[in-house]
Amino acid sequence: MRWIDLLRFPLVSLGQHKLRTSLTTLGVVFGAFVLAASLSIDEGVQRTIEREAGKGDVARKVTVSSGWRPAKTKKPEEVKVAGRMSQGRRDRIHKVLTERARQGGSDQEQVKLTQERLAELSRLPHVRQMVPIVGGRVVATLGNRPEEAGVSSGAGEDPEFPKRIVAGRAFRSEDERSVLLSEMFAHRIGLVDDADLEQVVGRPLRLEIRSQEAGPTFNVSLADRSRSGGGRDEQLALRQLAWQLPGALDKFSLTDAERTTLKAAIQSEPAKADSDVVVEDFQVVGIFREMTDEEKKEAWSQFPADTDLVLPRRTAVDFAFRSPAYHEDGLPRVVLFVDDMKNVKEVEGQVAALGLNGRSAHDFIERQRLTYLLVFGGMTCVAAVALLVASLGIANTMLMSVLERRREIGIMKAVGATNWQLQSLFVIEGALIGLVGGTLGLLLAWSISYPGDAWVRSMVHRDMNMDLSGSIFAFPNWLAWTVLLFTVGVTIAAALYPSRRAAKVDPVTALRHD
């Protein structure tokens, strides 16, 4: 038997039973379609998660804050368990008492984000950029009007932040001695007209960092009301009076003794040394607006959403560490930008080794990927079951073909066909059914992906107000080869038993068969 006959005879046999061959192939098509669709959606969703998470460097951010680690200088005390008991019970009690002693903090020390620690973080492998986040309360003075305000850095690092500038400009460098004002803070200090916003740009703003005890206080009773009974507006007015009154006492008709008494009443705490108060003038370069509701929906923003004042990153760090309080307590947090999302977990481990706390979106993204992996893994199992069911139909088709072609098989054996040649005929028939069914299943899955992707996009846009980039279906080369090889493998396996039955046919008996 020639090699060409091994291919021609299976094609002729399949063509003689068109309906049976079509129904058998249809089962393979359905199984291949479900398998291809599940693998395609699984791959596409994984890529979509990585693609959407990678927008704006969200997936590569690690937020670091202060933490605790075992003290190096103090040796933990040995816990002794008294009483007569079994060794197992003694070990359990010893373990609990040791953990309680450790949680008590006697052998723990706090690791703060000092300047030395920031330098260590910036030198970590895979850290592309370090953004220290400075935030706190300062006293801001524009002209002769002091006002308590919240100041922060980091918001200016957001590429979307310049869109919020309504007057002036954004920062040009990380270390320029300038400041941005929020329009709400400008309104609070009396800049109510649009023209006022333009006029304040370029003017100096004095910032003061004081310790919690520093700063004037004012105890007053009006109409027998307590200090806290006058409402928020009254408290703000009294605070302004407390800030400005010491410098105006000399203008009143008071004796020296009266001035001394009033100053003592206004400044209830002793004045701090000059080194405890950091003062510097910054140029106002712009005014920014509050975030809109759409902007606040950005759940992964690591920077302060709304604040009174914003300083450039390096300027804010330099200004803050001039204060003794920051020298002792360090910064509240730091954002690390990792070079690749795959290295985020490694950087988190390095941060933990330094005794600091590190948080990122990596764990959340991995949980989402695991959820979808389980769902589409179940779909893949369903597809495999469908192909196995289709393989039973193939086996039945091959067996029927052996019974119907016993005389033909006997003639081929009589003229010299070997057993392996006969087996090859039926195996090739099964492989052809698998190849055709797998190809049609792939094409069906690919054609369904277009309306399916459009439906998912519209649903996401309607429910989440989000436009997905890219398709949730993916058809890489490995997927096509996997589906084709699996379907052909299943159909070949289904044809093995019928092919062996054909090889065992006795030619004498087969030739007598009618």
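Is the crossing of H2 and H15 left-handed or right-handed?

Analyst: The crossing of H2 and H15 is right-handed. In this scheme, a crossing is left-handed if the near helix is turned anticlockwise from the far one by less than a right angle, and right-handed if it is turned clockwise. Before going on, a word on the ground rules: this is a predicted model, with local features needing pLDDT of at least 70 and side-chain atom pairs counting only at pLDDT 80 or more, while totals for chains, interfaces and linings use all residues. Residues are numbered from 1 along each chain as its sequence is written, and side-chain values use heavy atoms, with hydrogens and water left out.

Back to the helices. H2 spans residues 18–53, and its axis is 7 Å from that of H15, with an angle of about 45° between them. Helices (H or I, at least four residues) and strands (E, at least two) are DSSP runs, numbered from the N terminus. The axes are lines fitted to C-alpha atoms, for helices over the stretch in contact, and angles run from 0 to 180 degrees between N-to-C directions. H2 and H15 are therefore oblique to each other. For the cut-offs, angles under 35 degrees are roughly parallel, over 145 roughly antiparallel, 65 to 115 roughly perpendicular, and the rest oblique.

H2 also holds Arg47. With 39% relative accessibility, Arg47 counts as partly exposed; buried means under 20% relative accessible area, exposed over 50%, and partly exposed in between (1.4 Å probe, protein chains only). Arg47 and Ile472 are 425 residues apart in sequence, yet their C-alpha atoms are 7.7 Å apart in space.

H15 (residues 419–464) has another partner, H16 (residues 477–503): their axes come within 7 Å and cross at roughly 150°. That angle makes H15 roughly antiparallel to H16. The crossing of H15 and H16 is right-handed too. Sorted by class, the contact of H15 with H16 has 16 nonpolar, nine polar and one charged residues. Here Ala, Val, Leu, Ile, Met, Phe, Trp, Tyr, Cys and Pro count as nonpolar, Asp, Glu, Lys and Arg as charged, and the others, Gly among them, as polar.

Now for the aromatics. The model has three aromatic pairs, going by a rule in which rings of Phe, Tyr and Trp (its six-membered ring) pair if their centres lie within 6.5 Å, with planes under 30 degrees apart counted as stacked, over 60 as edge-to-face and the rest as tilted. One of them is Phe282 with Phe319, an edge-to-face pair at 5.3 Å centre to centre and 85° between the planes. Phe282 sits in strand E10 (residues 278–288) and Phe319 in helix H10 (residues 313–321), so this pair ties together parts that are 37 residues apart in sequence. Phe282 is buried, at 1% relative accessibility, and Phe319 is buried with a relative accessible area of 3%. Trp446 is partly exposed at 43% relative accessible area, whereas Tyr450 is exposed at 53%.

E10 leads us to the strands. Six bridges join E10 to E9, and the two run antiparallel; two strands pair if DSSP finds at least two bridges between them. Pro204 has Gln283 as its bridge partner in E10. On another side of the story, E9 (residues 204–209) is joined to E5 (residues 135–142) by three bridges, again antiparallel, and Thr141 stands opposite Arg206 in E9.

There is also an open sheet of four strands in the order E4-E12-E1-E13, with antiparallel pairing. E4 and E13 (357–360) stand at the edges with a single partner strand each, so one side of each has no neighbour in the sheet. The twist averages 25° from one strand to the next. E4 (residues 127–133) is mostly covered, with five of its seven residues buried. Six bridges join E4 to E12 (residues 333–338): in E12, Val127 is partnered by Val338 and Ile133 by Arg333.

Most residues other than glycine have a negative phi. His126, not a glycine, has a positive phi of about 75°, and it is partly exposed at 28% relative accessible area.
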